[in-house]
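Here are some exercises to work through with the model open beside you. Try each task before you read its solution.

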Amino acid sequence: MSKSISPLQSARAAYKPKLPKVLAEHGSAVNASVGDPTESVGDQAEVKELFPNTYGLPVVNFDAPAQGKIGALKVGVILSGGQAPGGHNVIAGLYDGLNKIDSGSELFGFLGGPSGLIDNEYVKFDDELIGRFRNTGGFDIIGSGRTKLETEEQFDKVIENCKTLGITALVVIGGDDSNTNACMLAEYCLKKESGIQVIGCPKTIDGDLKNEWIEASFGFDTATKVYSELIGNIQRDANSAKKYWHFIKLMGRSASHIALECALKTHPNVTIISEEVAEKKKTLREIVTEIATIVKKRADAGKNFGIALIPEGLIEFVPEMKKLISELNDLLAENATYFDSLLDDDKFQFVNSKLGADTSHVFSSLPQSIQYQLLADRDPHGNVQVSRIETEKLLIDMVSDLLREWKVKGNFSGKFNALNHFFGYEGRCAAPSNFDADYCYSLGYTASALIGAGKTGYLSSVRNLTEPADQWIAGGIPLTMMMNLERRHGKDKPVIKKALVELHGKPFHEYAYNREAWALEDDYIYPGPIQYFGPSEVCDITTDTIQLEKK
Ligand code: FBP
């Protein structure tokens with residue numbers, strides 16, 4: 001860690017995160033009231049068969065002090081997947097919660113994500129180490145990684161390493177894929193009677209790990225506030241200079257929650273929502289025509305400038321591209337070694353010769369840079385790395401070409417000078433907003449309470465998030481409850497269901513209701529930077545998405 005810190009960092013170190021009342025009053029040794037047995041969100045019979053020990057667990061809520069002494073606990077924690085603001089506070093909350101249960105408790109952090117757990121690389125936390133990272137962004141306290149933890153061999157190694165250190169509970173801080181693996185590990189640990197509990201915490205800036213019980217994944221609040229600040233600044237520049245269109249791609253591997261939240265916060269002229277593209281089966285050409293039409297209408301009104309938000313995952317939601325990517329995934333998986341041995345030109349030829357007629361046509365119609373990006377390595381979960389595909393540039397090129405055609409026909413007389421941006425890494429490690437600082441600390445503290453209560457196979461849950469923190473509800477949601485079967489690598493696999501943007505939901509309706517006006521008028525909002533000190537209505541308010549969803 002850097003030795004130098006900014007004045008803001010030093011002031012933030014003193015910030016005391018807020019907790020739900022039950023935890024603030026009674027600490028983390030709390031009684032869990034238990035609901036009815038639960039069912040998985042889909043494929044109940046199959047999921048039940050795959051998870052005989054953890055299926056059907058009840059939802060639990062903490063509501064009173066625990067009876068009896070719990071004793072010292074030894075716990076391990078990993079950070080898994082992409083960074084999200086507030087991860088350090090989850091660990092701080094977990095550390096404080098365990099110490100509150102018993103000051104002899106110990107917390108070990110495995111280094112570099114799931115691989116640290118397998119390779120037994122760890123640090124033991126103490127007050128000094130935790131103190132340096134309270135309320136800071138990033139995952140650098142122990143690092144993160146994307147190693148997939150799924151085989152029995154890996155699980156056996158995890159159990160062996162935990163036993164050597166005397167660890168009896170693990171906390172996995174991750175997104176849908178990591179918590180799917182946490183669920184499998186919890187099941188395996190019970191099957192093997194290992195005595196190791198497994199608890200998850202919902203992380204991802206993408207905002208797609210949510211449901212009735214998990215109102216938000218942590219990091220979404222801060223990341224969208226950072227992007228909205230930047231979008232607002234660009235809007236103000238565009239509205240001052242009046243000469244550029246800015247195409248801004250926003251992170252979010254699959255779902256468009258980030259783009260939607262930023263649109264609600266800033267009112268740009270164009271926002272593409274991937275889920276709507278898929279639902280309406282829009283072709284790339286149709287998307288381009290829609291954008292070009294807005295460019296033209298604004299130009300007709302003398303406005304040769306504007307802002308367009310493009311979700312990172314768009315490319316996989318356009319039906320013809322989805323088909324192409326799916327064929328490419330199979331092709332690359334089946335011929336991995338041969339494909340890697342080819343030179344670039346031969347790779348293109350090989351792919352074109354193997355694709356079906358339609359998909360080969362789509363592939364050839366793309367600029368070579370995009371073709372190349374589509375052939376790049378998949379991530380360890382088999383996903384195309386959409387953050388590396390320059391969809392915003394592709395759209396600029398295609399809109400530009402179409403406007404040129406229109407100009408020749410006399411249908412467009414404006415100007416189209418476009419600049420491209422990609423916001424992702426700018427927000428993933430930002431200093432957590434007050435909301436994320438409080439939410440993350442509460443999630444970590446709740447995880448310690450779940451461990452103290454002897455639970456396993458649960459996701460730490462803190463709810464009622466539009467109310468002040470003391471009214472938040474702390475508890476745990478069975479991981480199996482969020483599972484269904486999905487096709488992965490040609491097989492049906494149990495996975496936590498990803499939450500995409502609901503086209504019948506209030507956040508999308510709010511956007512759809514206003515989009516025509518936002519396209520033509522300049523109703524821009526300039527949110528400005530995250531405020532950490534000041535009135536609660538400026539500093540503590542969470543996303544428009546949750547507020548609309550809870551309305
Ligand atoms: P998680 O799902 O692991 O939270 O990661 C989210 C994310 O930030 C996506 O928005 C993005 O597509 C991806 O990570 C990029 O990851 P990397 O930097 O590892 O390529």
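**Exercise 1.** How many nonpolar, polar and charged residues are in the shell around the ligand?

Before we start, some ground rules. This is a predicted model, in which local features need pLDDT of at least 70 and side-chain atom pairs count only at pLDDT 80 or more, while totals for chains, interfaces and linings use all residues. Residues are numbered from 1 along each chain as its sequence is written, and side-chain values use heavy atoms, leaving out hydrogens and water.

*Solution.* 
- Step 1: Find the shell. The ligand is surrounded by 14 residues, where a residue is near if one of its heavy atoms lies within 4 Å. The closest are G82, T204, D206, E312 and Y425.
- Step 2: Sort by class. Ala, Val, Leu, Ile, Met, Phe, Trp, Tyr, Cys and Pro count as nonpolar, Asp, Glu, Lys and Arg as charged, and the others, Gly among them, as polar.
- Step 3: Count. The shell has three nonpolar, five polar and six charged residues.

**Exercise 2.** Why does the ligand lie between the two domains?

*Solution.* 
- Step 1: Locate the domains, whose bounds come from an automatic or database domain assignment. Domain 1 is 24-219 + 432-488, and domain 2 is 222-323 + 366-428 + 505-550.
- Step 2: Their centres, taken over C-alpha atoms, are 34 Å apart. Their contact (heavy atoms within 4.5 Å) takes 24 residues from domain 1 and 25 residues from domain 2.
- Step 3: Both domains give residues to the ligand's shell, so the ligand lies between them.

**Exercise 3.** How many disulfides does a search of the whole structure find?

*Solution.* 
- Step 1: Use the cut-off: two cysteine sulfur atoms within 2.5 Å.
- Step 2: The search finds zero.
- Step 3: Check C162: the nearest cysteine sulfur, that of C189, is 7.3 Å away.
- Step 4: Check C183: its sulfur is 12 Å from the closest cysteine sulfur, in C189, too far for a bond.
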